[in-house]
Amino acid sequence: MGACLDGKGFNATFEHFEVKHLYAIFPTTPGLVGLNRYITQAKKQIVGRNEPIIASKVIAELTLGFWVSLLNSEYERILWKDLRRAFPYLPKHLRQRRTVSAPLNSLRSFRNRIFHNESICWNLNRVEVIHAEIIQVMGWINKDIPAWIGPFDRFDSIVSKIRTVMNWNNM
């Protein structure tokens with residue numbers, strides 16, 4: 001999600017706020033104050049590298065947790081109307097915050113398991129669902145991505161090999 005909302009796209013998505021950088025409104029907007037901790041942490045990371053704090057660096061430094069948290073129910077009334085434009089190919093009948101939030105939270109949790117060196121093959125059926133959700137969300141952002149990624153996506157063959165090697169074909 002961060003990649004689709006980085007730089008100009010991020011601010012264009014929220015153009016009605018009429019600020020140069022959306023994150024500048026977090027400290028002063030009721031209901032968004034909690035998001036400021038992500039901005040503060042991003043700025044600390046940039047300063048720690050002795051780099052200038054500029055909008056593109058702040059946005060690039062924001063975590064997946066930040067991007068996914070924008071879809072939390074507590075921000076729905078403030079942000080969803082604008083955030084939904086980041087998913088132009090989300091079918092109209094599915095165009096609800098929770099429809100996007102659920103798979104992205106699954107992805108965030110799954111990604112965290114990987115980054116913390118936890119086992120991810122505990123339930124291959126669940127991993128297959130998460131993979132399908134990732135592809136689906138990418139298609140909501142850009143309708144061409146699922147077809148484009150197909151020839152490079154080795155997921156099904158790897159899962160098949162795991163099932164064969166581990167004798168998990170009935171799982």
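Is Phe-66 buried or exposed, and what is its relative accessible area? Phe-66 is buried, at 0%, where buried means under 20% relative accessible area, exposed over 50% and partly exposed in between (1.4 Å probe, protein chains only).

This is a predicted model, so local features need pLDDT of at least 70 and side-chain atom pairs count only at pLDDT 80 or more, while totals for chains, interfaces and linings use all residues. Residues are numbered from 1 along each chain as its sequence is written, and side-chain values use heavy atoms, leaving out hydrogens and water.

**Ring pairs**
- Searching the whole structure turns up 4 aromatic pairs; rings of Phe, Tyr and Trp (its six-membered ring) pair if their centres lie within 6.5 Å, with planes under 30 degrees apart called stacked, over 60 edge-to-face and the rest tilted.
- One of them is tilted: Phe-26 and Phe-66, with 6.1 Å centre to centre and 50° between the planes.
- Phe-26 sits in the loop between helix 1 (7–13) and helix 2 (36–48) and Phe-66 in helix 4 (residues 64–69), so this pair ties together parts 40 residues apart in sequence. Helices here are DSSP runs (H or I, at least four residues), numbered from the N terminus.
- Tyr-38 and Phe-66 make an edge-to-face pair, at 5.4 Å between centres and 65° between planes.
- That pair links Tyr-38 in helix 2 with Phe-66 in helix 4, 28 residues apart.

**Cluster and burial**
- Ring pairs join Phe-26, Tyr-38, Phe-66 and Trp-67 into a cluster.
- Phe-26 is buried, as is Phe-66, and Tyr-38 counts as buried too, at 17% relative accessibility.

**Charge over a ring**
- Arg-111 lies over the face of Phe-115, 3.8 Å from the ring centre; the cut-offs are NZ of Lys or CZ of Arg within 6 Å of the ring centre and within 35 degrees of the ring normal.

Key:
Helix = DSSP H or I, 4+ residues; strand = E, 2+ residues; numbered from the N terminus.
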